[in-house]
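Thanks for coming, everyone. Please bring the model up on your screens, and we will walk through it together.

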Amino acid sequence: MHSRSHSESTPWRQVAGWYGIAILLVCTLVLPQLLQLLAGMGVLPLSWASGPGMILLGSLLPGVLLLWCAVHGAPSEQPRGMWLRLGLAGFRWRHLGTGLKWFPVVYIGNAVIQAVWQLCCDRLGISYDVPPTLQVAGMSEWHFLALAASAVLLAPWIEEILLREWLFGSLLPAVGFWWAALAASAFFAVLHMTLLQFPCLLFLGLFLQLLYWHTGSLWPCIWVHMLNNLTSIVLLQVFRLAGVEF
């Protein structure tokens, strides 16, 4: 049962997806390159461009920008408030239960898809780099803590709002559910900039979009996403303590 009409086209839903794309592109592509350029010119310390603070900034900045857009975007509307624009209206504790129920399916599915994909890449001679998250996890304790905070506390909210709610909602009236879901999920996968994890990230994005569509709420998606990242961070820490190098 849907808690609201996903296909309704309002001025806010028409522009929100483009806000989301702009925010993500600026924070993931433009900002790091700009800081690297300034560090190379000696304007900023190198630690500002590649340190733990940059990891947190890369997650905090899109959060600030999306809140600004939700508050100031489409002023001609009279919605129920900022929470509705963020897709977070109508919180229910049962949403946590839904997230807990579907999380094992998502995590096992991700693990199987990644194992099969990695095996195919190795057999076909397709080269791939170590995922950026593993590179960061192997740098220092502070890098790992910044990664953990970003992945568990910030990224699930920001990515679900910007992609599952805003981008999907903007595309849905024009291209229908499956194309909108595929576009939002592909953008989610590409955003992580890792060939090795692309198929499992695409699967995760599509699964969460279906979950959002059938529950009518973004909350179960956020819980699943948060649990997925938390489990990965815990496993990373176990490997780090065991002396595994990334």
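The protein has 10 helices and zero strands. Helices here are DSSP runs of H or I with at least four residues, strands are runs of E with at least two, and both are numbered from the N terminus. Read along the sequence, the pattern is α-α-α-α-α-α-α-α-α-α.

A word on the source. This is a predicted model: local features need pLDDT of at least 70, side-chain atom pairs count only at pLDDT 80 or more, and totals for chains, interfaces and linings use all residues. Residues are numbered from 1 along each chain as its sequence is written, and side-chain values use heavy atoms, with hydrogens and water left out.

Now the overall numbers. Of the 246 residues in the protein, 43% are buried. Buried means under 20% relative accessible area, exposed means over 50%, and partly exposed is in between, with a 1.4 Å probe and protein chains only. The accessible surface comes to about 12,800 Å². Carbon and sulfur atoms hold 72% of that surface. These areas come from the Shrake-Rupley method with a 1.4 Å probe; for residues, only the protein chains shown count as cover.

What about contacts? A contact means heavy atoms within 4.5 Å. Take the contacts with a separation of 6 or more: 73% of them join residues 24 or more positions apart.

Next, a helix pair. Two packed helices are described by the angle between their axes and the distance between the axes. Look at α7, residues 141-175, and α8. Their axes come within 8 Å and cross at roughly 145°. The axes are lines fitted to C-alpha atoms, for helices over the stretch in contact, and angles run from 0 to 180 degrees between N-to-C directions. The crossing of α7 and α8 is right-handed.

Is Glu-160 buried or exposed? Glu-160 counts as buried because its relative accessible area is 0%. Arg-164 is buried too. The two side chains meet in a salt bridge, 2.9 Å from N to O. A salt bridge is a side-chain nitrogen of Lys or Arg within 4 Å of a carboxyl oxygen of Asp or Glu. By this rule the count comes to one salt bridge. Side chains of opposite charge can pair when their charged atoms come close. Both partners lie in α7, four residues apart, about one turn of the helix.

Glu-160 also reaches along the sequence. Ile-222 is 62 residues away in sequence, yet the C-alpha atoms are 6.4 Å apart. Leaving aside neighbours within four places in sequence, the contacts of Glu-160 include Leu-208, Leu-218, Cys-221 and His-225.

Over to helix α5, residues 94-124, and Val-106. Val-106 counts as buried because its relative accessible area is 0%. Setting aside residues up to four places away in sequence, Val-106 touches Phe-203, Leu-204, Phe-207, Val-224 and Asn-228.

Gly-58 sits in helix α3, residues 52-72. Gly-58 is partly exposed because its relative accessibility is 22%. Its C-alpha atom is 8.2 Å from that of Pro-32, 26 residues apart along the chain.

Last stop, the surface. Met-193 is in the loop between α8 (177-191) and α9 (198-215). Met-193 counts as exposed because its relative accessible area is 52%. Met-193 has a positive phi of about 50°, although it is not a glycine. Together with Leu-25, Val-26, Leu-29 and Val-30, Met-193 forms a nonpolar surface patch with about 420 Å² of accessible area. Patches are made of residues with over 30% relative accessible area and no salt bridge: like charges are joined within 9 Å, and nonpolar side chains (Val, Leu, Ile, Met, Phe, Trp, Tyr) within 5 Å.

Note on methods: A crossing is left-handed if the near helix is turned anticlockwise from the far one by less than a right angle, and right-handed if clockwise.
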